[in-house]
Amino acid sequence: MKSPGNMKELIYIHLHPINQYVISYGIEFQEFMRSLPETPSHLLLLKHKFEGSDFNMHTRFDYIESEEFPRLLKEDVGEYGDFCWVDFEDSDGLNEMEGQEIAELLYLAHSKEHLRRPFYSKLNNRYAYLSHDDEWFNKTYYRHIPDFYSVLGKLISLKLGLFRSERSFFALKKGSAFPLIPPEMMARLSGSMKEGIVISLSKTEQSRFTVEVPMWIVGDHISMDDVFDDYMKSFRTPPDARLVFDKKTHEWSIFS
């Protein structure tokens with residue numbers, strides 16, 4: 001059973017750097033795509049319910065080109081149940097995929113586990129995105145882990161901007177926005193992320209000079225109900241780290 005709606009203001013991150021994936025809660029597909037360093041050329045749809053896709057005869061998978069991304073981004077992919085894809089560069093590489101590689105992709109989408117890390121020279125893919133009830137459970141593989149730090153830094157800033165529009169106490173000067181949190185700064189939290197952290201936007205505090213976003217180490221979880229339970233115990237204690245935004249300099253820093 002899913003936990004209450006105030007989990008919408010939480011981001012859970014559990015980083016697995018050796019196998020190059022991240023388990024997350026609170027990151028939607030639309031937010032993920034907006035936060036990528038570069039927009040992919042194509043998405044190979046392993047599991048989906050999007051009606052605007054094309055069909056690749058060789059792999060027997062549907063796919064979409066970047067021109068169709070705006071339509072997909074308007075979809076509530078959380079209603080799909082499973083939503084799984086990998087990006088790819090061009091159809092020539094896609095049509096060279098071997099049976100073993102196609103079988104690995106089928107297994108990946110079915111089990112949310114890899115037989116081998118899902119990065120293929122023929123696809124030149126940077127990501128494998130596996131979700132169930134999108135945002136509720138996401139497992140995302142990154143060919144380059146620094147891409148993850150970039151995505152997370154941008155995503156936190158985007159989410160704070162949304163809360164700022166809803167809550168006047170997050171207001172900055174009119175027309176200004178939270179700058180991106182530098183990826184090298186997010187990388188400094190990798191040790192905590194390997195243990196499993198919750199970033200709480202609802203517990204963000206503001207003073208005259210700063211905005212402070214707290215985070216707690218809550219451990220390794222697959223059930224997001226368990227994440228919520230541990231968070232409810234943790235948030236009454238001092239946070240393990242804070243992301244701090246200086247309103248005057250418009251710069252971020254970390255305190256732990």
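What covers the buried residues of α4? In this predicted model, local features need pLDDT of at least 70, side-chain atom pairs count only at pLDDT 80 or more, and totals for chains, interfaces and linings use all residues. Residues are numbered from 1 along each chain as its sequence is written, and side-chain values use heavy atoms, with hydrogens and water left out.

The cover of the buried residues of α4 includes β3, β5, β6 (82-88), β7 (127-132) and β8 (137-142). Contact here means heavy atoms within 4.5 Å. Helices (H or I, at least four residues) and strands (E, at least two) are DSSP runs, numbered from the N terminus.

Helix α4 comprises 13 residues, 99-111. At 1.5 Å a residue it should span 18 Å, and its end C-alpha atoms are 18 Å apart, which agrees. The expected span is 1.5 Å times one less than the number of residues. Buried (under 20% relative accessible area, 1.4 Å probe, protein chains only; exposed is over 50%, partly exposed in between) are Glu 101, Ile 102, Glu 104, Leu 105, Leu 108 and Ala 109 of α4. They cover an arc of only 155° around the axis, which puts them on the same side of α4. The arc is taken from the directions from the helix axis to the C-beta atoms. Gly 99, Gln 100 and His 110 are exposed on the other side. Just after α4, Lys 112 has a positive phi of about 60°.

Strand β5 (residues 61-65) runs antiparallel to β3 (residues 42-47), joined by four bridges. Pairing requires at least two DSSP bridges. Leu 45 stands opposite Asp 62 in β5. Strand β4 (residues 54-56) is also antiparallel to β5, with three bridges. Here Asn 56 faces Phe 61 as its opposite in β5. The hairpin of β4 and β5 has four residues between the strands, and Arg 60 takes a positive phi near 65°.
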